[in-house]
Amino acid sequence: MSPVLEGQLEPLYAELLRRNPGEEEFHQAAREVLETLGPLLAKRPEFLEAKVIERICEPERQLIFRVPWTDDSGQVHVNRGFRVEFNSALGPFKGGLRFHPSVNLGIVKFLGFEQIFKNALTGMSIGGGKGGSDFDPKGRSANEVMRFCQSFMTELYRHLGEHTDVPAGDIGVGGREIGYLFGQYRRITNRYEAGVLTGKGLGWGGSQVRTEATGYGSVLFIAEMLRVRGEDMDGHRVAVSGSGNVARHAIDKAHQLGATVITCSDSSGYVVDEKGIDLELLHQVKEVERGRVGDYVERRGGAARLVEQGSVWQVPCDVALPAATQNELTESDAVTLVRNGVTAVAEGANMPTTPEAVRVLREAGVAFGPGKAANAGGVATSALEMRQNASRESWSFERAEEQLAQIMRHIHTLCHDTAQRYDRPGDYVAGANIAGFEAVAEAVLAQGVI
Ligand code: NAP
């Protein structure tokens, strides 16, 4: 059950539903932010008077385009491409591209909306946007993926630029796809504009730690939440979902901090490995061979088991880190986690926890880190990549990692202190929403009605 939206926010939300029919994930993301803004708007009524919320909830530009491509047998396929340029009050539109069959406008808008506030929390000069396609890379050859990326960029390039709109990766878009997209952008424009995409390879404009940043950052965020409670990660049992970029690097950082990660998953099931996930093997299976988690279990030699049905959150743990996709941790999962004694949950993925599950966790006193704070390390390191591209520098791994750690500490403190200041102590959801919204709203207000 969701708290009632206060006063003037209720009609504003009703209007958002009317104008964006069928976009459930976008409704969910918008409602979650609006529900927490009451205390800020009481202090800053000018945001309501100047219709700043309405202006932030309406994307500056929404692009939908056809992406035709040919498979290895010569068959023609047609996919749909999206880019939602949501808000550029703080800097160029910035946010990843997702290639997954579930992608539609509502999903891209929820991700773009979240991205506005996440990017604001980093304190860096980046606006919010997101894009992608309903293309399914699973089972496609590298040549097919390349042809798809080239076709996608052949339309999208005209909307991009290092000062305009700077995409990166997300589900289904990793280093390989960024390479194909960058190659086609360079070819069409005849420009080596390194800052137009982030997540590039280290030899051609990429930043150290960008690949690791989202997963590393989300574990650093958990470590900060535990620190203020007088605890640390050492010796904790951690459950992680997913086995992609974010999940694998979260596992890596959790192990570095002395915890044991006992689960991972993909859309075929989840793995329980009581000895701790073997990261090298997982990387080989998922990244190099693009296989399934069942292959991991087969090669782990009896140390791990595969569960094909049910939820990874059934596995008892102290810390939970959902790192696969939206709405993957439900109310009943949260009840199970609480019953099993979980103390901290942080969203490595975007909006993986349903609103009902968040409520269960919060009411049980579990430290809960929302995605727009906990997984902001990825986009923050993308901004560091843009900074290095602009100055033609390449930082060492240590320097980039130290910057990431500083940024995650800053985001944690900002959310923690904002929640405290607005009489919501320990509520990182309210802290993140209020701090992120206020930064964007100030800029929107200052820049006039545009
Ligand atoms: P990824 O490398 O493509 O991995 C995605 C993982 O999630 C895979 O294990 C995938 O399993 C699983 N998954 C995806 N959709 C699923 C579904 N519907 N049901 C069950 N499992 C599913 O993607 P990623 O970059 O790690 O992104 C994971 C999450 O983190 C997303 O929510 C993304 O928006 C968020 N995020 C990513 C970044 C970043 O820097 N990459 C930054 C901030 C937030 P299969 O292989 O079976 O599909």
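Which residues of the largest nonpolar core touch the most other members? They are Met233, Tyr296 and Ile411, in a core of 59 residues. The model is predicted, with local features needing pLDDT of at least 70 and side-chain atom pairs pLDDT 80 or more, while totals for chains, interfaces and linings use all residues. Residues are numbered from 1 along each chain as its sequence is written, and side-chain values use heavy atoms, without hydrogens or water.

View 1. A nonpolar core is a set of buried Ala, Val, Leu, Ile, Met, Phe, Trp, Tyr and Cys residues joined through side-chain atoms within 4.5 Å; buried means under 20% relative accessible area (1.4 Å probe, protein chains only). At least three residues come from each of domain 1 (1–192 + 427–450) and domain 2 (213–369), bounds taken from an automatic or database domain assignment.

**View 2. The five-stranded sheet.** Strands (DSSP runs of E, at least two residues) pair if at least two bridges are found between them. The open sheet has 5 strands in the order E1-E2-E4-E3-E5, with mixed pairing. Strands E1 (61–70) and E5 (165–168) are at the edges with a single partner strand each, so one side of each lacks a neighbour in the sheet. E3 (residues 93–99) and E5 run parallel, joined by 4 bridges; lysine 94 has valine 166 in E5 as its bridge partner.

**View 3. Cysteine 57.** The whole structure contains 0 disulfides (cysteine sulfur pairs within 2.5 Å). For cysteine 57, the nearest cysteine sulfur belongs to cysteine 415, 19 Å away. Cysteine 57 is buried, at 7% relative accessibility.

Conventions: Buried means under 20% relative accessible area, exposed over 50%, partly exposed in between (1.4 Å probe, protein chains only).
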